[in-house]
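Hi everyone, thanks for making time. Please have a look at the sequence and the model on the screen, and then I'll walk you through a few spots.

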Amino acid sequence: MEGIIVRADRLAVSVVRSHQSAVRKLLLRGRCFVTRDARDEPAVSGVALCQEVTYYDLLRIKLFIQRILLPVEPRLQEPISTLSDKTYEKCRGHAVLDDELRAALTTLKREKPSLGVAKIHTLLLETNPTWSVSEKRVRKILQEEGLLIVNTSDKAKDGKEDRSTGVYPSSSLNKGLDVNKWSKKVEVRYFDAIKGKGLVAMEKISQGEVIWKEDPFILAPEWEIYDLQVSSRACGFCSTIIRDHSPLHVPCQASTSSTPCPAIFCNRLCRLQSDKVHPLLCQARNQASIPLLAFARKTEWLAVHALAQCTSRLLLASQADDESLNTDLQVVQSLAVLGMEERFRTLINQGVEPDREMWQKAFELYLQAFKEPKTALEQKKLAKILRRPISESLQKELFGYDAFLRGLGRISLNIEAHGGLYRLHSHLNHSCSPNTSVRHLDQRHALSRITVLAKTDINPGDELLISYTDPNDNFRVRRRRLAEWGFGPCGCGRCLAEEEEAKAAGNGDTEADDLADQLRTGLGLI
């Protein structure tokens, strides 16, 4: 089963075609596409028709059109499904009665008590391939049957979250950070142990004004760009897409016919700057790193890739001089951090359990890349790069298992949406009604450079705020995503107003909200 037809007008087809890469991501998960007429070719090339659909496929299509296509193109009229009533009833026939689902889940959970909700859900669908059941419904039934442990230790007596005893990120000030290098309009301020640090305006900032521009400390670009990098079609340092050959482009110096490295750089400056990170991730110079990067790509685990970039930078700084290492180490250690184990303790109420086998596998490949290569040749090549001994304190910072999990949590918490880790940007706190936005405007010469713009007028003393979540999500989804990283329920004016509206409307359509959230995740829109 690969897709189903939804009839749309010509404008709908045009919108879909202009977002083909996003729609293909949807096809991998939601299995649907839009066409103008049943006789037409699919609007997205390379996708075949299917004969069977499920009730949830129909819901996904409707939500895709209403909540994703329509905001992109407001003129678009909602397309009408061409599926017949008979087919629709056939779809609904795939729904599962509660009693049948409850019995199946109880059996699976007792047979596999260590599995979390996600894995039980996957196993359920593998065992019953014709069923259409959401993960949320699985979680709800497991909780009702007492088959999930619910953590109530973080609740106060009035039922509200007690942040004083809960798990939340910690951070510290980087005393060596010179904010004036980027902007004289803002300053760093430390609020308290729970909120941590943030950025505050020093002067009046007008709507639309550029507040600062910033290049990344390290960059692990989204996978589409990474694939261009490893095929020599994007700069290996700044990730700018290379469209035409130019004499300014510089290949990796270590690349040879016998040990090639696909990295290519926009110019000599990018090549020189890449020396801070690239050598330990170079396929020619450190072949021990290849399995780690291949694992990160296969699992699409961006935090592992970014942590590899960060570790490479710190290790190479240790080979330069102590001042370089201390400067870079201060940047990393001052970032807000919530370890992986701590993070998953906050997710226990949702029935989400950590995949420690995956963590361990990533850790083994991480050590193999930077500390303990498997073969004598790989060990020799690594030693050629890391000539100076690595201090005991740095080894403890990087290579302990707990430090590794903490590093993954730190990266996940601070990385920008497109894969960059930025010194000043990492200070920005969250609001559901942000007053600043982050853009990648220099796409032809420095794709990884961010430009921070004022969305509204900002007065002196006001905190600069961005949104950590998709602003289009409802308040329940936004709060859930914030809670996943220990931020607790957002109590901003927008959230409180939406909460009151939902109560007045009888809580709203939570199932539809969850499905829309799943769609955006599958499309890479959040």
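The chain has 20 helices and 13 strands. Those are DSSP runs, numbered from the N terminus: H or I of at least four residues for helices, E of at least two for strands. Before going on, please keep in mind that this is a predicted model, where local features need pLDDT of at least 70, side-chain atom pairs count only at pLDDT 80 or more, and totals for chains, interfaces and linings use all residues. Residues are numbered from 1 along each chain as its sequence is written, and side-chain values use heavy atoms, with hydrogens and water left out.

How much of the chain is buried? Of its 526 residues, 49% are. Buried here means under 20% relative accessible area, exposed means over 50%, and partly exposed is in between, with a 1.4 Å probe and protein chains only.

Next, contacts, which are heavy atoms within 4.5 Å. If you take the contacts with a separation of 6 or more, residues 24 or more positions apart account for 70% of them.

Okay, on to the helices. Let's start with H16, residues 392-399. Which of its residues are buried? They are Leu394, Leu398 and Phe399. Looking down the axis of H16, these buried residues fall within an arc of 95°, so they line one face of the helix. The arc, by the way, is that of the directions from the helix axis to the C-beta atoms. Turn to the other side of H16 and you find Glu392, Ser393 and Lys396 exposed. And what do the buried residues of H16 pack against? Four helices: H11 (302-320), H12 (322-333), H14 (356-370) and H17 (401-414).

Two of those partners also pack on each other. A quick reminder: two packed helices are described by the angle between their axes and the distance between the axes. The axes are lines fitted to C-alpha atoms, for helices over the stretch in contact, and the angles run from 0 to 180 degrees between N-to-C directions. For H11 and H12, the angle is about 155° and the axes are 7 Å apart. They are therefore roughly antiparallel to each other. In our wording, under 35 degrees is roughly parallel, over 145 roughly antiparallel, 65 to 115 roughly perpendicular, and the rest oblique. Among the residues that meet are Cys310, Arg313 and Leu314 from H11, and Ser324, Leu325 and Asp328 from H12.

H11 has another neighbour, H10. Their axes cross at roughly 150° and come within 7 Å. That makes H10 roughly antiparallel to H11. Here Leu292, Leu293 and Ala296 in H10 meet Val304, His305 and Ala308 in H11. While we're on H10, which spans residues 290-299, let me point out isoleucine 290. Isoleucine 290 is partly exposed at 34% relative accessible area.

Now for a couple of single residues. Threonine 436 is in strand S11, residues 436-439. Buried or exposed? Threonine 436 counts as buried, at 2% relative accessibility. Its side chain reaches the backbone oxygen of leucine 465 at 2.8 Å. For a polar contact we want a pair of N or O atoms within 3.5 Å; within protein, one must be able to donate a hydrogen and the other to accept it, and residues adjacent in sequence count only if both atoms are side-chain atoms. Leaving out residues up to four places away in sequence, threonine 436 touches Ile211, Val452 and Ile458, among others.

Histidine 427 sits in the loop between strands S9 (420-421) and S10 (429-430). Histidine 427 is buried too, with a relative accessible area of 3%. A polar atom of its side chain lies 3.0 Å from the backbone oxygen of arginine 423.

Last stop: the loop between helix H8 (223-230) and strand S7 (250-251), where serine 232 is found. Phi of serine 232 is near 60°, a positive value in a residue other than glycine. Serine 232 is partly exposed, at 32% relative accessible area. Serine 239 lies in the loop between H8 and S7 as well, and its phi is near 75°, again positive in a residue other than glycine. Serine 239, though, is buried, at 4%.
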